[in-house]
Amino acid sequence: MPDSRSRVLSAPPVTERLLQAAIRYGLLWLLALILLFFSVAEPAFLRVGNLFSILQSVSIVALLALGVTLTMAVGGLDLSIGAVAAMSLMIASYVMVVLGWGALPAVLISLAGGALVGLLNGWLIVKLRVPDILATLGSMFLVIGVQLIPTGGRSIAVGMTLPNGDEAEGSFSALFLALGRGRLWDTVPVPVLITALVALVVWLFLERTRIGRLFYAIGGNEQAARLAGAPVQRFKLLAYVLSALLASLGGLLLAARLGRGDVSSGNGLVLDALGAALIGFAVLGARKPNAFGTLVGALLVATLLNGLTMLNAPYYAQDFVKGLVLVLALMFTFGLAHRAR
Amino acid sequence: MSAPVAVAPEPLIRVRELSKTFGANRALDRVSLDIFPGEVVALLGANGAGKSTLVKILAGSQAADTGELWLDGQPRRFSSPLSARRLGIVAVHQQVNDGIAPGLSVAENLLLDELCQPGADFWLNRRRLLERAASIAAGLGLELPLEHPIEHLGQAERQLVVLARALALQPRLLILDEPTAALSDVEAQRLFGLIDTLRGRGVAILYISHRLSDLQRLADRALVLRDGQLAGEFGAGHLSAAVEAMLGQALDTHVYQPRAAGREVLALRAAQVWPHSQAFDLHLHEGEVVVLCGLLGAGKTEIAELLFGLREAAAGTVQLDAVDWQPGSPRRAIASGVYYAAEDRASQSLIADFSLRRTLTLPFLERFTRAGFIRNRAEAAAVQAQVAALGVKTAGIDLPMSALSGGNQQKVVLGRWLLGQGRVLILDEPFQGVDVRARREIGQLLRDSADGRATLVICADVDEALEIADRILLVRDHAVVAQYPRADLARATLVAALAGAGAPSTVAPIAAPSRSRASA
């Protein structure tokens, strides 16, 4: 750093402070700028209905992203969340449509299935010491495959023909559909409410509780955490189970919104969720997985996509935009922080 | 300087007015020095005096802000460690793990520099690699398990590998930063022999150490850095004056009040670390500071690991406060009041991005928790109090640990165990990479707080052991083989015992105990 000589005596000069501010608040500024731009370019953007539709579109990805934030906090990664969400969607549909059971068994069985996959991931990683990416990639394929078997690879819809020739007699209960389509006071969608609640709980858990801090300790240096008495294996297992549970919840909300068990939906969620959690690293200069950042990351991408759609930007530009935001965020987090040293 | 090569009037390296600043901190302030071929120059300075910065600039891993550097009378500017190395300047840094590549074998690590050469063979020839590595190791009198992964080696053996790697480059200026920190006396002697040989061949050596005995043995002269400035140059006979210049004041003599042993806290009976190692007893008492002393690879850390639940004993019983006890895991050991501060601070105690506060309270977080939630104010108050009690110098408790000097980091990772009501406190090499003043402060703290618990310190350095101990236990081949009360123990007796009977002889090659490490 040849320019560091000038920084010796006085307070850090303007450029230095700007850099620090960019690292801390860069992504929040970007979000504000995007909001400002779209509300000027397209006044309908700011309507309450549209804002809630942004939140609604982001709620499921945000749930998955909060889950993967937990596994990232313990220094791991969960690639199976998209598959788990899809599986949960298929289980819930199967239980209601094919078996003809009610909403509550559907929800409980889906969550139990998710927890089971979480346990499998945790067991592979903690007990068999399979590296996290490999273990969850493996279980991802496993889960994607397993959910296709009961229906012979077909989507589940009310009145569908079963592999044995009968017609499915059950249907989605109104109570279940309300999970995805209901609105509180006719404005706030239920999924948004659920995601907001989960985000608050995850944030409190990671920032304010003892276990949350031990999660970060394990992620920072597993050996040091173990020598300080943290139950490393148990907490890593817990992180994967929580992640899978949140993914299952996301799958349930998706099933409730779609009203059918669509085999292809859900699998694509994993990349969006990972992206949101990674963008979250850059929020407030955290440089680590954190619940607030993850939420901002998910919002940022959803806002951008919503606004561009309103401006009639082509659908195929969406992935490009997501990628651009992610790369920008990573530059804020790691590139600039490195220079500020 | 008696070596004929040293007559050369031209310095090998000439440094003029070198300065370097980091943010608001002036790490080096117009430093000038000359180093001649065939001399050992000691570089002294307290933690944060600028030694590491100077070394990094000389070795090319950092650029100076201003100043000039001449090699063989030519002005030079190193853009990378590689460019410095091409001109014969090789540095061995204090952080051993920076010098090794995990995942590779010991042999590959020894030859890492060769493998990184752009002109090196594209295909790896495994047999030739092993032969080359074996010849390097043999040339230095090292016995290393060449085909094992480097991870199987302990800190000290890794240190030897890193040193051997540097020597294999045939440097003209060799910079050694705390090379004996992980070595015990005999291994250090071996290193000193190597250094003498190099000096005879006309190699210049810049030697950084906190150990006065190393410097007395080796140095032709000493340069002292203080607050980034050159505070003086001293001849070989005036090293104590150099230490005074380094600290800015004379050190008081440090004879601790002997402490009486109280009730027995921990008893290890007929314990065996390995099925074939010798059985031994170990008794620790309240109020007493016991030092485990032994050569590299003697098994000191393994004994500590037995007590902390990191390793299962092959045989033997443990009693804690006269009750049969099995540690099982670090978590259970801590719950029973047995605490252990591990040897390698960076990899075993520090957590990336954790603040001083978080590092300090980590083992006892439950005490600052209500219904699972952390009580921030109670935690902050306890941390403030502990920071004051430990004498940790910091601008705030929420700063990252990396903002603290090595000595202060060490105070935090040792001192955090004083938050608990411990029965046994085990410290593994607590004085590593810590300057004399911080060492005294830590030693004093340890002894002041020793009432009501047993204290076990692992220490390869004889002087450190003698300074801190009430009783010294000698460890050899994974067993405690002798014990000495501090009161009437002469340094020479301990050194002789360490090197002496039972071991083949003092000139034996440095054997890395691959057997025990590999099966661990």
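Two residues are in contact here if their C-beta atoms, placed from the backbone, lie within 7 Å. Welcome to a predicted model, in which local features need pLDDT of at least 70, side-chain atom pairs count only at pLDDT 80 or more, and totals for chains, interfaces and linings use all residues. Residues are numbered from 1 along each chain as its sequence is written, while chains are lettered from A and ligands numbered from 1 in the order in which they are written.

**Where chains A and B meet**

- The contact takes 23 residues from chain A and 28 residues from chain B.
- On the side of chain B that touches chain A, H11(B) gives the most, with three residues.
- By class, that side of chain B has 15 nonpolar, seven polar and six charged residues (Ala, Val, Leu, Ile, Met, Phe, Trp, Tyr, Cys and Pro count as nonpolar, Asp, Glu, Lys and Arg as charged, and the others, Gly among them, as polar).

**A look at helix H5 of chain B**

- Helices (H or I, at least four residues) and strands (E, at least two) are DSSP runs, numbered from the N terminus.
- B:Ala133, B:Ile136 and B:Ala137 of H5(B) are buried, meaning that 20 or more other C-beta atoms lie within 10 Å of a residue's own.
- Seen down the axis of H5(B), its buried residues line one face, because they fall within an arc of 95°, taken from the directions from the helix axis to the C-beta atoms.
- These buried residues pack against helix H3 (106–110), strand S7 (142–143) and helix H6 (155–168) of chain B.
- Exposed residues (12 or fewer such atoms) on the other side of H5(B) include B:Arg127, B:Arg128 and B:Ser135.
- Just after H5(B), B:Gly141 takes a positive phi of about 70°.
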